[in-house]
Each structure stands twice: as C-alpha cells, then as structure tokens.
Amino acid sequence: MMIRSICARRATLLSLTAAASGLLLQTTPVQAEESGWSLLNMTQGVTDMSRHIYDLHMLIFWVCVIIGAVVFGAMFWSLIAYRKSQGAVPDTTMVHNTKVEIVWTAVPVIILIAMAVPAARTLVEIEDTTKTDLTIKVTGFQWGWNYEYLDKGVTFFSRLDRKSDAARELGSGVDPNTVEHYLLNVDHPLVVPVGVKVRLLVTGADVIHSWWVPALAVKKDGIPGFVNEAWFNIDADKTGLYRGQCAELCGRDHGFMPIVVDARKKEDFDAWIAEQAAQQKQAAAPAGTEATPTASAPAVVTPAAGTSPQAESAATAPAAAGSKATAVTLASATAR
Ligand SMILES: [Cu+2]
C-alpha cells in the first residue's frame with residue numbers, strides 16, 4: 001500500500017513535470033471488458049488519446065513497481081541478513097562515500113529523464129487542439145452545464161435528470177436503487193459525432209468547475225474569466241453514452257451535476273444538429289411567429305444578463321411537450 005501510494009505520487013509528479021522513457025517496458029492493452037480487478041485501474045477509454053494516456057500510466061506504474069521492489073527488497077534483505085544478532089558490523093566506508101553519492105544521484109536522474117520522454121510526448125498530444133472539426137463551448141454553472149455549438153446556432157442546458165433529482169431529496173420516499181443511473185443521468189446529453197475531432201472550450205459562469213469524462217480522457221477546469229481548451233476524437237465504432245461528473249468541488253450541489261456524452265454516427269449527428277438549429281431558430285423568431293417545439297427539444301432558457309442560470313434552468317428545464325421553447329441568449333450571461 002505504501003509502495004503504491006509512493007509510486008502514485010511519484011507518477012503524478014513525473015507526468016506533471018513532463019518526465020519519460022527509454023525504459024523498454026511495454027504494456028499490452030487489455031481488450032477485455034472492464035470488470036473485477038480492472039475496475040481498480042483507470043479506464044482505457046474510447047479514444048486514441050485515452051489509450052495513450054492509459055499506456056503512459058501503465059508504463060510509469062510498472063517503473064514504480066520495479067523501483068519499489070528493488071528498493072524495499074534491498075532494504076529488507078539488508079535488515080534481515082545483516083542484523084546485529086548475526087554479528088554484523090557496520091560498514092562505515094559507505095558514509096560520505098563520493099562514488100556512492102554520485103551513483104545514487106545519477107541513477108534516479110537518468111530514470112526521471114527516461115520517463116520524461118513519453119510523458120512530454122503525451123502532454124503535447126493532449127494540448128494539440130489544432131485541426132478540429134467541431135467546437136463546443138462548455139460552461140459550468142452551479143449546478144449544471146451549458147453547451148453551445150459554436151457557429152451552429154445550437155445551445156442548451158444540461159442538468160441532473162428529474163428522477164435522480166427527486167430521489168435525492170431528503171424524505172422523497174424514492175429508493176435511489178430503483179433509479180437508473182442514479183445521479184449519473186442528465187436531461188439533455190451533449191451530443192457529439194464519432195470519428196470527428198471535437199474541440200471543447202471550457203469555462204465557468206460562477207465558480208470553478210471541471211468537465212470530466214473518463215472514457216474520453218478529458219478533465220478540464222472551467223474557470224470564470226478563462227477559456228480552457230480540450231479535445232477528443234471518439235473511435236468511429238464507439239457510439240453510445242459516456243458518463244462523467246463535475247470534478248471540482250463547486251458548492252453545495254457539486255455532486256449533482258453529472259455529464260452525459262451521447263456519441264452518434266456523423267450522419268445522425270448532422271441530422272440532430274440541423275433539427276436543433278431549426279427549432280432554436282424558430283423559437284428565437286420575433287413575437288408573432290409561432291414556434292413549434294417538440295418533446296425532444298432540449299431545455300432552452302433565456303437567462304437575462306445578471307440572473308442566476310441555475311434558477312432559470314430549474315424553472316424552465318426540461319422543455320415539456322407543448323411548451324414554448326424560448327430563445328437562448330446565454331451570450332450575455334457567459335460572454336467575456
Ligand atoms: Cu461543478
């Protein structure tokens with residue numbers, strides 16, 4: 001346990017300082033479904049990037065395991081084999097021995113530099129937000145998310161689904177075990193295409209949040225006044241739902257702002273975005289023009305500048321069948 005925590009700390013430190021490898025350790029990607037022991041490990045995810053991060057993580061992990069085994073092995077062997085009761089006499093030539101000092105400084109430095117190579121390479125890849133085909137602005141607020149498909153005319157709020165929301169109330173009488181994906185479901189998932197490099201611009205409307213979806217290997221802070229970038233490109237054959245949560249303690253309901261990404265085929269996504277754009281355009285039309293929202297329309301709200309987005313969201317989301325969708329003019333609330 002101790003070895004593990006030391007290793008974990010060391011691995012984090014190393015990846016942060018962009019450490020890396022000439023150490024010829026290779027991990028074989030496990031293709032099996034995640035279950036049992038593999039649940040203790042990080043996910044391999046559904047993108048090339050997530051697999052690269054997983055491989056880096058395993059590489060550093062095994063380096064740490066080997067270092068731990070060698071160091072603790074030597075330590076315990078010395079303690080046992082050279083104990084006083086066996087007549088061992090201290091070897092004082094080791095104290096302030098220049099050769100030894102040089103060796104035990106140089107060896108860790110070489111290991112660190114070797115680990116820095118793959119870590120730096122992966123970090124550069126993570127930061128490469130060029131050549132993206134779709135940009136989505138993600139704004140965290142207390143306590144939900146707003147997604148804005150830039151240049152597509154589509155924006156909506158995404159918040160905890162109503163069933164989870166009802167069940168979480170004290171004395172609700174609802175057994176959370178009966179709620180599917182309890183606290184991990186939202187009313188309107190973020191819909192994205194597979195096989196497309198999607199760029200996220202992450203920010204915060206009030207306090208710091210963090211948009212985290214493990215399967216996509218994206219965990220990016222949404223900080224008010226700042227725009228952070230992230231990207232993902234989901235494997236073309238990996239359509240489906242991917243879940244995540246806010247990963248920054250952001251207030252009372254921090255635990256109740258999950259994320260759901262709905263990865264669809266490119267053509268399905270194109271059809272969806274066209275439909276949403278048409279609906280929102282119609283809803284935004286001047287008074288007198290009838291809007292005809294459908295039950296599938298995302299919750300669209302109109303927080304006036306200065307008003308609290310969550311209050312608006314709570315009051316108006318989700319858009320029920322027959323209700324009149326309102327135009328989204330979030331820009332005033334979140335624009336910098
Ligand atoms: Cu948050």
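The buried residues of helix H5 are Phe269, Gln276, Gln279, Gln280 and Ala283. Viewed along the axis of H5, these buried residues fall within an arc of 100°, so they line one face of the helix. This arrangement can be read against the geometry of helices in general. An α-helix has 3.6 residues a turn, so residues three or four places apart point the same way. On the face of H5 turned away from the buried side are the exposed residues Glu267, Asp270, Ala271 and Ala278. The structure described here is a predicted model.

With 18 residues, H5 reaches 25 Å from its first C-alpha to its last, which is close to the 26 Å expected at 1.5 Å a residue.

Trp211 stands opposite Cys246 in S9.

Strand S2 (residues 144-149) pairs with strand S1 (residues 134-141) in the antiparallel sense over 6 bridges, and a hairpin of 2 connecting residues joins S1 to S2. The bridge partner of Gly140 in S2 is Trp145. S2 also pairs with S3 (residues 154-158), again in the antiparallel sense, over 5 bridges. Here the bridge partner of Tyr147 in S3 is Phe156. S2 and S3 form a hairpin with 4 residues between them, and Asp151 in this turn has a positive phi of about 65°.

Strand S2 is mostly covered, with 6 of its 6 residues buried. In a regular strand the side chains alternate between the two faces of the sheet. In S2, Gly144, Asn146 and Glu148 point one way, whereas Trp145, Tyr147 and Tyr149 point the other way, and all are buried.

A further helix, H3 (residues 98-127), has 30 residues and reaches 42 Å from its first C-alpha to its last, close to the 44 Å expected at 1.5 Å a residue. H3 bends by about 30° at Ala116, and a proline, Pro118, follows within four residues. Pro118 is also one of the buried residues of H3, together with Met115, Ala119 and Thr122.

Taken over the whole chain, the secondary structure comes to 7 helices and 10 strands. The chain has 336 residues, of which 32% count as buried. Among contacts in the chain with a separation of 6 or more, 71% are between residues 24 or more positions apart.

Note on methods: Residues are numbered from 1 along each chain as its sequence is written. This is a predicted model: local features need pLDDT of at least 70, side-chain atom pairs count only at pLDDT 80 or more; totals for chains, interfaces and linings use all residues. The expected span of a helix is 1.5 Å times one less than its number of residues. The bend at a residue is the angle between axes fitted to the seven residues ending there and the seven starting there. A residue is buried if 20 or more other C-beta atoms lie within 10 Å of its own, exposed if 12 or fewer, and partly exposed in between; C-beta atoms are placed from the backbone. Two strands pair if DSSP finds at least two bridges between them. The arc is that of the directions from the helix axis to the C-beta atoms. Two residues are in contact if their C-beta atoms, placed from the backbone, lie within 7 Å.
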